[in-house]
Amino acid sequence: MLNPFITVKELREKIAKKEISIKEVIGFYLERIKKHNEKTNSIIESFQDVSCQDDSNGLLAGIPYVLKDIICQKGRIASAGSKILSNYKAPYDSTVHTRLKKAGAVSIGRANCDEFAMGASGEYSAYGPTRNPWDTSRVSGGSSSGSAASVAAGLVPFALGTETGGSVRNPASFCNLVGLYPTYGLHSRFGVMAFASSFDQVGPITRTVYDNALVATALSGNDPKDSTTIQMAPKDYIKNLDGKLPANLKIGIIKDALGQGVDPQVQNAFQQAVEQLRKLGATVKVIDLPYLKYGNAVYFIISRAEGASNLSRFDGSLYGLRNKENQNLFDMYLKTRQEGFGQEVKTRILTGNYVLCAGHKDAYYKKAQAVREMIRADFDSAFKEVDVLTSPTISMLPFKIGELAFDPVAMYLADIFNVPNCVIGTPAISVPGGFSKENLPIGIQFLGPRLSEELLYKIAYAFEQSTGYYLKHPNNYE
Amino acid sequence: MSDFTKEDLLKIAKLSALNLSEKEIDLFTQQLNKVLDFVEQIKEVKVLQQASAIKNINIFRQDEVVPTDSKEVLNLSPDRQESYFVVPKILDENKGSTC
């Protein structure tokens with residue numbers, strides 16, 4: 001009936017021409033989730049009872065989507081991938097959900113994710129690991145694991161994820177999809193559970209750049225309910241997508257992308273991508289960012305400090321899980337948190353409280369905040385020389401489930417290229433950039449200065465259309 | 001090598017309100033040592049400037065009451081009486097606060 005890997009753009013056209021009704025579209029994807037979800041465990045719950053109107057004419061009329069289970073949908077469970085919120089029903093809608101509904105899109109489920117968005121592989125969910133549709137023995141990437149794996153498997157045309165340090169782009173890259181980390185403050189976080197508040201952003205995960213720009217257009221605009229959103233009117237990110245690079249475009253290759261520590265197959269795909277950008281007319285030069293290498297350490301310290309503080313609210317008193325075998329109030333806190341949180345979350349809370357402790361705060365937290373500004377200055381001076389930067393999204397191929405488990409440092413080193421821009425809140429987009437010889441997806445990314453989303457989409461679209469990697473889909477999901 | 005000990009971990013665990021198992025105590029002591037070794041590298045950075053490129057501004061809105069359904073929020077609580085959240089005893093007759 002429908003090609004499950006249809007783009008949002010094509011599906012919109014079919015619905016507009018009345019070739020298929022909205023009800024049929026929703027039914028088709030709900031059926032696909034029933035049939036294929038077991039392979040990837042990407043959806044925690046699908047909404048078989050969803051109601052939809054057949055007369056919407058919004059930007060995303062009739063397009064189904066799923067939300068990472070850390071984004072609230074009124075009346076539905078919002079578990080954050082955690083046991084501690086396994087019974088928590090969101091009492092209100094997040095603004096991003098409201099905006100998608102207003103555009104006519106229809107939510108059909110909750111996507112699996114690393115617990116409280118803490119993870120880079122999709123393995124740390126209380127509801128089981130998400131598997132990569134391209135090879136189910138491998139991770140999907142995380143923390144927006146289910147958002148990416150469900151789109152890649154053709155269970156839904158698009159999804160929203162959240163990113164604190166790579167969590168949208170990392171799974172997008174591992175699953176041959178497009179993922180955006182927008183400028184800090186571009187998308188509302190009202191109704192989105194907090195991990196590290198000075199980094200967290202909501203980002204669309206889609207098959208194509210056009211689809212991504214379409215969803216970002218629907219999400220755009222300041223939100224009075226989130227005072228960290230940028231004061232600006234809604235934007236149209238699709239109008240400039242013409243398949244051409246801007247004239248005289250200067251692209252900087254992040255020097256570390258050419259060095260050791262990057263998988264040779266990833267490096268090879270990246271070099272071909274750079275060649276392609278040259279062919280499309282860009283001037284390319286190598287840019288050294290001397291403070292880039294500290295990005296991960298800065299991210300580690302600040303995100304865990306913020307995470308420990310944000311997660312202190314989960315103690316069994318007001319909502320969520322409560323351990324009833326307690327002697328007194330503090331005992332209830334201890335037992336509820338012990339029972340409700342998984343190991344990755346616990347280790348991050350402990351690290352966060354340690355770096356905030358009297359005696360360590362100056363050496364870790366305050367120092368990290370100062371180095372954060374050095375990284376910002378580094379990128380600022382790079383953007384005086386070039387318009388955008390480029391690198392592989394992740395330095396490695398999707399790894400086997402369990403391969404890097406409980407090595408808190410190894411997994412994050414893969415994120416050397418997609419954490420530093422989150423540290424300074426500047427945007428980046430990951431697009432399909434080729435395949436390894438085992439047929440595993442490789443992503444490449446473009447990073448721009450603050451509020452350069454229009455430019456990033458334009459470049460990413462030209463690259464995507466000239467390479468066509470997005471046309472390939474995983475097997476066994478027909 | 002970081003010198004983060006089991007005793008350090010137990011102190012932090014108490015501050016974090018986490019009642020860890022023996023197995024977790026060993027695992028997390030090991031993990032935190034690794035993490036602290038890794039982040040140690042920022043100590044070598046000579047900070048040259050502190051000025052932030054982003055100017056934060058205060059965002060104000062009208063202080064107006066909007067209707068909220070408190071019943072729905074209260075219904076989420078593990079234990080309640082009318083519009084109160086019920087929690088275990090906070091004060092101990094002999095020792096004062098239990099926290």
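How many nonpolar, polar and charged residues does the lining of the second largest cavity have, by class? The legend for View 1 gives the count. Please keep in mind that this is a predicted model, in which local features need pLDDT of at least 70 and side-chain atom pairs count only at pLDDT 80 or more, while totals for chains, interfaces and linings use all residues. Residues are numbered from 1 along each chain as its sequence is written, chains are lettered from A and ligands numbered from 1 in the order in which they are written, and side-chain values use heavy atoms, with hydrogens and water left out.

**View 1. The second largest cavity holds about 60 Å³ of space.** A cavity here is a set of points on a 1 Å grid over the protein atoms alone where a 1.4 Å probe fits but cannot get out, and lining residues have an atom within 4 Å of a point. Grid points are joined across faces, edges and corners, and a volume is the space filled by probe spheres set on the points. The lining has six nonpolar, two polar and two charged residues; Ala, Val, Leu, Ile, Met, Phe, Trp, Tyr, Cys and Pro count as nonpolar, Asp, Glu, Lys and Arg as charged, and the others, Gly among them, as polar. Among the residues to look for are A:Trp134, A:Cys175, A:Arg207, A:Lys472 and A:His473.

View 2. The structure has four cavities of 30 Å³ or more.

**View 3. The largest pocket has a volume of about 1200 Å³.** A:Tyr92, A:Asp93, A:Phe190, A:Gly191 and A:Lys225 are the closest to its centre, out of 43 lining residues. A pocket is an open set of grid points with protein on both sides within 12 Å along at least five of seven lines. The lining is made up of 20 nonpolar, 11 polar and 12 charged residues.

**View 4. Chain B meets chain A through 53 residues of chain B and 59 residues of chain A.** Contact means heavy atoms within 4.5 Å. The two chains bury about 5100 Å² between them, with 71% of it on carbon and sulfur atoms; buried area is the accessible area (1.4 Å probe) that two parts lose on being put together, summed over both. On the chain B side, B:Phe38, B:Ile42 and B:Leu76 lose the most area to chain A, together 13% of what that side buries.

**View 5. Polar contacts and salt bridges link chain B to chain A.** There are 13 residue pairs in polar contact, that is, N or O atoms within 3.5 Å, where within protein one must be able to donate a hydrogen and the other to accept it, and residues adjacent in sequence count only if both atoms are side-chain atoms. In chain B, α2 gives the most to the side that touches chain A, with 10 residues; helices (H or I, at least four residues) and strands (E, at least two) are DSSP runs, numbered from the N terminus. Two salt bridges join the chains, each a side-chain nitrogen of Lys or Arg within 4 Å of a carboxyl oxygen of Asp or Glu. One of them pairs B:Glu24 with A:Lys346 (2.7 Å, N to O). A:Lys74 and B:Glu72 also meet in a salt bridge (3.9 Å, N to O). A:Lys74 lies in the loop between β2 (64–68) and α3 (95–102) of chain A, and B:Glu72 in helix α3 of chain B.
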